[in-house]
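Hello,

Here is the structure we spoke about. Please look through it before reading my notes.

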Amino acid sequence: MRKSVRRRAMFKQVLCTLTVDEWNQILKFCEFKCKYCGRDGPLTVDHVKPLSKGGSHTKENVVPACLQCNVRKGSKYNDG
């Protein structure tokens with residue numbers, strides 16, 4: 001199964017309440033910079049607790065991250 005298909009299937013099983021307005025508020029709060037390295041530029045949605053580990057697609061669980069940091073973090077999560 002292709003990765004994008006698996007991801008869409010996984011999305012259907014998680015709480016998904018993040019709105020465009022909430023995402024824009026998060027970007028503004030973080031000053032349009034990566035939460036991890038502070039770079040500005042193209043940002044992606046990073047799930048603090050990954051969807052694959054039971055995280056949700058909600059304003060409490062997302063931060064802006066540059067592509068490099070998002071890829072580097074992958075599905076790592078430290079809940080302690």
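Predicted model: local features only at pLDDT ≥ 70, side-chain atom pairs only at ≥ 80, totals over all residues.

Residues are numbered from 1 along each chain as its sequence is written, and side-chain values use heavy atoms, with hydrogens and water left out.

Cysteines. A disulfide is taken as a pair of cysteine sulfur atoms within 2.5 Å, and the count by this rule is zero. For cysteine 66, the closest cysteine sulfur is that of cysteine 69, at 3.6 Å, which is too far for a bond. Cysteine 69 is accordingly in no disulfide. Relative accessible area sorts residues into buried (under 20%), exposed (over 50%) and partly exposed (in between), using a 1.4 Å probe and protein chains only. Cysteine 66 has 4% and is therefore buried; cysteine 69, at 5%, counts as buried too.

Valine 14. This residue sits in the loop between helix H1 (3-11) and helix H2 (20-29). Helices (H or I, at least four residues) and strands (E, at least two) are DSSP runs, numbered from the N terminus. Valine 14 has a relative accessible area of 18%, so it is buried. Leaving aside residues up to four places away in sequence, it touches Leu51 and Gly55, where contact means heavy atoms within 4.5 Å. Its C-alpha atom is 7.5 Å from that of glycine 54, although the two residues are 40 apart along the chain.

Backbone angles. Most residues other than glycine have a negative phi. Glutamate 31 has a positive phi, near 60 degrees, and phenylalanine 32 has one of about 55 degrees. Glutamate 31 lies in the loop between H2 and strand E1 (43-47), and phenylalanine 32 is placed in the loop between H2 and E1. At 56% relative accessibility, glutamate 31 is exposed, whereas phenylalanine 32, at 48%, is partly exposed.

Surface patch. Tyr36, Val48 and Tyr77 make up a nonpolar surface patch with about 260 Å² of accessible area together. Patches are made of residues with over 30% relative accessible area and no salt bridge, joining like charges within 9 Å and nonpolar side chains (Val, Leu, Ile, Met, Phe, Trp, Tyr) within 5 Å. A salt bridge is a side-chain nitrogen of Lys or Arg within 4 Å of a carboxyl oxygen of Asp or Glu. Areas come from the Shrake-Rupley method with a 1.4 Å probe; for residues, only the protein chains shown count as cover. Tyrosine 77 is in the segment after helix H3 (67-73) and is partly exposed, at 35%.

Regards
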